[in-house]
Amino acid sequence: MKITLVGNPNSGKTSVFNYLTGLNQRVGNYPGVTVDKKTGRFRDENGTSHEIIDLPGTYSLYPKTRDEEVVYQVFSDQASSDFSDVVVVVVDASNLERNLLLFSQLYDLKIPLILALNMSDVAEKMGIAIDYKKLSEIFGGVKVLPLVARKGVGFEELKAALTSFEPVVDRPVFLSGEFEKGLSDQAVGQYEFVEKRYKKIQQALSFVVGQKGDRKLVERHRKVDRWLTHPVWGYAVFIGVLFIIFQAIYAWSEWPMDLIDNVFLKLSQFTKQSLAEGVFTNLLAEGIIPGLGGVVIFIPQIALLFTFIFLLEESGYMSRVVFIVDRLMRPFGLNGRSIVPLISGVACAIPAIMATRTIDNWKERLITIMVTPLMSCSARLPVYTLLIAAVIPDNSIGPFNVKGMVLLGLYLIGIVAALLVALVFKWIIRSKQMSFLVMELPLYKMPRWNNLVVTLLEKVRIFVFDAGKVIFSISIILWVLATYGPAERMQQAEASVQKPINLTEESKQQYDKEVASAKLENSFIGILGKRIEPAIKPLGYNWQIGIALITSFAAREVFVGSMATIYSVGDDFEEDTSLLDKMRSETNRDGSQVYTLASGLSLMIFYAFAMQCMSTLAIVLRETKHWRWPLIQLGYMTALAYVSAFITFQLLQ
């Protein structure tokens, strides 16, 4: 059986999907569009496997955004591959009037339906009494099931209803006339019938919904909102939340990151010592293992970052953030809904840019797309962490760690830059379309921890495998370029190092290191690095950093893997030396340190602003349908990064 889940945003549809499918799910794109398509499978009590499709959240069949357009296309075309045997409409039982608009529209299309009333426990706490039998009768005998998705209540009944599903035949129309001209006539439903449909729903609910007890729960939640949505205290709380998040990301991840770093260091040493000497052993020990270690080490921080974003969304607090920042965003050419892509950009710019489809206004959507990559994404986090550890002292100001404060500062710089650039685009991009924000504030709720586990596993898997494939390939290429070079130059490099007359173990190790360093500078990668060094020297960078800058234009997180590979080529693995220690001891030709406070902060600023993600540019192209916008984005972000890094280094050196 093919089953489709559909419902309003914040109805708990994703919780239902995750509960039914567990980890047996995948994410792709709908044909021809970049909207996420989530599919999964679950087995019923008879062992039969069923396919489940999770459609994007929508309030109505009549679309205003790209996500809603997908829902419209699925239900308007019965020949569609996503048209299902049964549709489960997930609604918020505590807000039936609004949720039943979409359900009643689907009902009148004669689609096989099951109505799942999620959050029935919240409705009960609010004093709302629902007559499920009467509701089923009003909608022609459609199966109505109460659910509490966060606690897993009602799913056995839902699975049983799906397994034994039989569509109701000859059910009466809820509101006649709307679909007689066909679903494709959007203007009919958009302007003539929605109000009539709401009036009919209100009339029906007068026989279904009763009030018992009081509404103290709602009153308590609204009292909290007086603080969290306050024009002054609301912003103070939001900044405080961000401060706590970034302090926690840095403090809580330190121990597991050190453990992972030591594991990969020992693995490199073990490989070098255990396998026979040769090209393949060197490739493994000096290229692949350090490169992959540079990705895996940041899993704890990535997991913490996504955990906090998940908690903000699931608890209902993110809706409050959208509400309070709307007034702040409008002078910059954005609106409150822009904050969702911007905050999502802290995780990854690619889904964040896709999330701009919820913005109705074309100009505000385009501006949001153009500035979202300035938000410091999870790919920048490994770079920040490595550089902060290398150049920022491990001090505290009161209870706050300086390193955590610098990390927060880098994220705040991204926010400020995004707003200022948005202001520029506001005057460049012209549009007469009016803009407004209409939204509801859902009640606060405890997150469902099973959803958190599924989300973290999915995000970490995507980060490790997507970044890992790129870093694996680039690590091999870098190792080859760093190991080999023009034969004559490599021979001259070795001959330029004076060999000690009386070789001791200590002098031999020093000699081997000097030879390896000389060969590295004359390798293909050294030659390339020396060519670009004059352009980056004013920023405080040497040629090794220049190579990492070039390779990380494929993906920012490649910087760490590139540095690990470059500093591992020819290194003595008998010494217990981590990448961080190698960077701290790196010196220029004049004996000065490479990684100082000035050069380190300059490099952080460069990575905070530079567009170093080919995948993001590809998504911008697909969303805007024109090469002009990704090229403008690449140009202004690269220029901003270079100028800002130059000013930072020159002021601090």
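Which helix contributes the largest share of the nonpolar patch? The largest share, 3 residues, comes from helix H19 (residues 449–483). Helices (H or I, at least four residues) and strands (E, at least two) are DSSP runs, numbered from the N terminus.

The model is predicted, so to speak of local features requires pLDDT of at least 70 and side-chain atom pairs count only at pLDDT 80 or more, while totals for chains, interfaces and linings use all residues. Residues are numbered from 1 along each chain as its sequence is written, and side-chain values use heavy atoms, leaving out hydrogens and water.

**Surface patch.** Select Val-279, Ile-477, Val-480, Leu-481, Tyr-484 and Phe-524, which together form a nonpolar surface patch with about 500 Å² of accessible area. Ile-477 is in helix H19. Patches consist of residues with over 30% relative accessible area and no salt bridge; like charges are joined within 9 Å, and nonpolar side chains (Val, Leu, Ile, Met, Phe, Trp, Tyr) within 5 Å. Accessible areas come from the Shrake-Rupley method with a 1.4 Å probe, and for residues only the protein chains shown count as cover.

**Salt bridge.** Next, select Asp-54 and Lys-13, whose side chains meet in a salt bridge (2.7 Å, N to O). Because Asp-54 lies in strand E4 (residues 49–54) and Lys-13 in helix H1 (residues 13–21), the pair ties together parts that are 41 residues apart in sequence. The count comes to 7 salt bridges, each being a side-chain nitrogen of Lys or Arg within 4 Å of a carboxyl oxygen of Asp or Glu.

**H16 and H18.** Display helix H16 (residues 362–371) and helix H18 (residues 402–428), whose axes come within 9 Å and cross at roughly 140°. Axes are lines fitted to C-alpha atoms, for helices over the stretch in contact, and angles run from 0 to 180 degrees between N-to-C directions. In contact (heavy atoms within 4.5 Å), Lys-363, Ile-367, Met-370 and Val-371 of H16 meet Ala-418, Val-421, Ala-422, Phe-425 and Lys-426 of H18.

**H27 and H28.** Finally, select helix H27 (residues 614–624) and helix H28 (residues 628–652), which pack at about 145° with their axes 8 Å apart.
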